[in-house]
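These are my notebook entries on a single model. I record what I looked up, element by element.

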Amino acid sequence: MSAFNDRLGGVSYGGELRRELSLRNQQYAKRLQLLNRESYGDPPSICYLPSEDGMRHGNFLRESYCAILRNASWRKRLLKAHTQARSALPREERAWKELDSSNSSDALLMNIFCFPGTLRNRRVLDLLGVEASFVPEFGFRARVPLANGRVDRTEVDMRLGELLVESKLTESDFQCREVALVDSYRDFADVFECRKLPRDARGFLSYQLIRNVLAAHNGHCSFCVMLDARRPDLREAWFAVMSCIRIVDLRLRCKVLTWQELAEALPGKLQRFLQEKYGIASGNNPSTVLRDELFAANV
């Protein structure tokens with residue numbers, strides 16, 4: 001078992017969060033009468049369908065979705081296929097997309113950063129460590145040099161000027177890859193104390209973090225992991241990787257930001273949406289009172 005999967009102290013933080021999001025979105029979809037289907041899993045994830053006129057989508061706040069539709073690059077992100085649709089979801093005339101899922105961290109990211117006004121807020125810019133309001137690039141293809149002279153065009157969830165962002169919500173971990181693959185990156189040994197990086201019998205843990213730090217190094221960027229305060233397992237995994245960065249300036253350009261911390265600086269309507277649909281209440285800690293009330297209503 002990985003040292004940094006979604007279990008710490010016998011608690012499955014990822015599983016608990018998936019259960020909470022399932023309950024929240026069942027109630028959210030019912031209250032607003034939104035088109036949706038449940039996956040076959042336990043707990044089921046709620047997947048939303050766009051409205052018949054294509055102008056609304058239950059997984060997005062209306063203002064964020066309208067902004068996405070107006071931007072050709074953002075709109076293209078909506079087409080990303082749901083890789084588990086065949087086995088996990090009922091068939092529909094329209095093919096399921098990854099951002100239809102209530103568990104999608106990409107959808108959460110776009111709900112926040114496509115919302116008009118988010119990036120005009122000085123508090124948000126200060127939290128991100130960026131000096132100006134850049135237009136977000138989602139699914140940015142960074143260039144990570146390989147030892148053979150080629151490059152890995154790795155996908156980063158968001159680029160905002162010189163800031164790269166990896167977003168997480170219910171994902172179990174940051175993926176694991178075999179040693180030979182990670183060793184194939186040109187700057188790997190220069191950037192990391194390789195022997196101190198967490199690994200198991202399969203290879204290096206938290207591969208996505210290693211790869212994205214290398215992307216930040218090559219692009220002279222900062223790197224931020226955005227995750228939920230209810231996921232201390234992911235936070236510990238990131239700190240374990242960050243502590244192995246050899247280059248001091250690069251380590252200082254790496255950070256973590258919780259959705260809850262970010263929510264404090266967001267517009268009121270967006271805050272209310274995040275609290276109801278995701279249980280993301282402003283502050284450093286999750287709203288355990290709201291969560292317990294929600295569970296009690298469904299027992």
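**Entry 1: helix pairs**

I began with helices α9 and α10, whose crossing is right-handed. I use handedness as follows: a crossing is left-handed if the near helix is turned anticlockwise from the far one by less than a right angle, and right-handed if clockwise. I note that the model is predicted, that local features need pLDDT of at least 70 and side-chain atom pairs pLDDT 80 or more, while totals for chains, interfaces and linings use all residues. Residues are numbered from 1 along each chain as its sequence is written, and side-chain values use heavy atoms, with hydrogens and water left out. Helices (H or I, at least four residues) and strands (E, at least two) are DSSP runs, numbered from the N terminus.

I then looked up the geometry of this pair. The axes of α9 (residues 207-219) and α10 (residues 232-242) come within 10 Å and cross at roughly 45°. The two helices are therefore oblique to each other. Axes here are lines fitted to C-alpha atoms, for helices over the stretch in contact, and angles run from 0 to 180 degrees between N-to-C directions. Angles under 35 degrees count as roughly parallel, over 145 as roughly antiparallel, 65 to 115 as roughly perpendicular and the rest as oblique.

Which residues make the contact of α9 and α10? I found Leu-209, Ile-210 and Val-213 on α9, and Ala-237, Trp-238 and Val-241 on α10; contact means heavy atoms within 4.5 Å. These residues divide into 6 nonpolar, no polar and no charged. In this classification Ala, Val, Leu, Ile, Met, Phe, Trp, Tyr, Cys and Pro count as nonpolar, Asp, Glu, Lys and Arg as charged, and the others, Gly among them, as polar.

I next turned to α5 (residues 105-113) and α13 (residues 268-278), whose axes come within 10 Å and cross at roughly 160°. They are therefore roughly antiparallel, and α5 passes α13 in a right-handed crossing. Ala-107, Leu-108, Asn-111 and Ile-112 of α5 meet Leu-270, Phe-273, Leu-274 and Tyr-278 of α13. I count this contact as 7 nonpolar, 1 polar and no charged.

**Entry 2: the sheet**

I traced an open sheet of 5 strands in the order β5-β8-β9-β12-β13, with mixed pairing; two strands pair if DSSP finds at least two bridges between them. Its edge strands are β5 (137-141) and β13 (254-258), each of which pairs on one side only. Neighbouring strands are turned by 40° against each other on average, direction ignored. Helix α10 packs on this sheet, where it touches β12 and β13, and its direction makes about 170° with that of β13.

How many residues of strand β9 are buried? I found 5 of the 5 in residues 163-167, so β9 is largely enclosed by the rest of the structure. Buried means under 20% relative accessible area, exposed over 50%, and partly exposed in between (1.4 Å probe, protein chains only). Both faces are covered, with Leu-163, Val-165 and Ser-167 on one side and Leu-164 and Glu-166 on the other.

I checked the partners of β9 in turn. Strand β8 (residues 155-160) runs antiparallel to β9 and is joined to it by 3 bridges; Met-158 stands opposite Val-165. Their hairpin has 2 residues between the strands, and Gly-161 takes a positive phi near 65° there. Strand β12 (residues 222-227) runs parallel to β9, with 5 bridges. In β12, Phe-223 is the bridge partner of Leu-164, and Cys-224 is that of Val-165.

**Entry 3: further sites**

I looked up Ala-263, which is placed in helix α12 (residues 259-263). With a relative accessible area of 1%, Ala-263 is buried. Leaving out residues up to four places away in sequence, I list Gln-271, Ile-280 and Ser-282 as touched by Ala-263. The C-alpha atoms of Ala-263 and Ala-281, 18 residues apart along the chain, are separated by 6.9 Å.

Ser-45 lies in the loop between β3 (36-38) and β4 (46-48). Is Ser-45 buried or exposed? I record it as buried, at 12% relative accessibility. Beyond four places in sequence, its contacts include Arg-37, Glu-38 and Asn-103.

Last, I examined helix α2 (residues 62-70), in which Ser-64, Tyr-65, Ala-67, Ile-68 and Leu-69 are buried. The buried residues of α2 pack against α3 (72-77) and α5.
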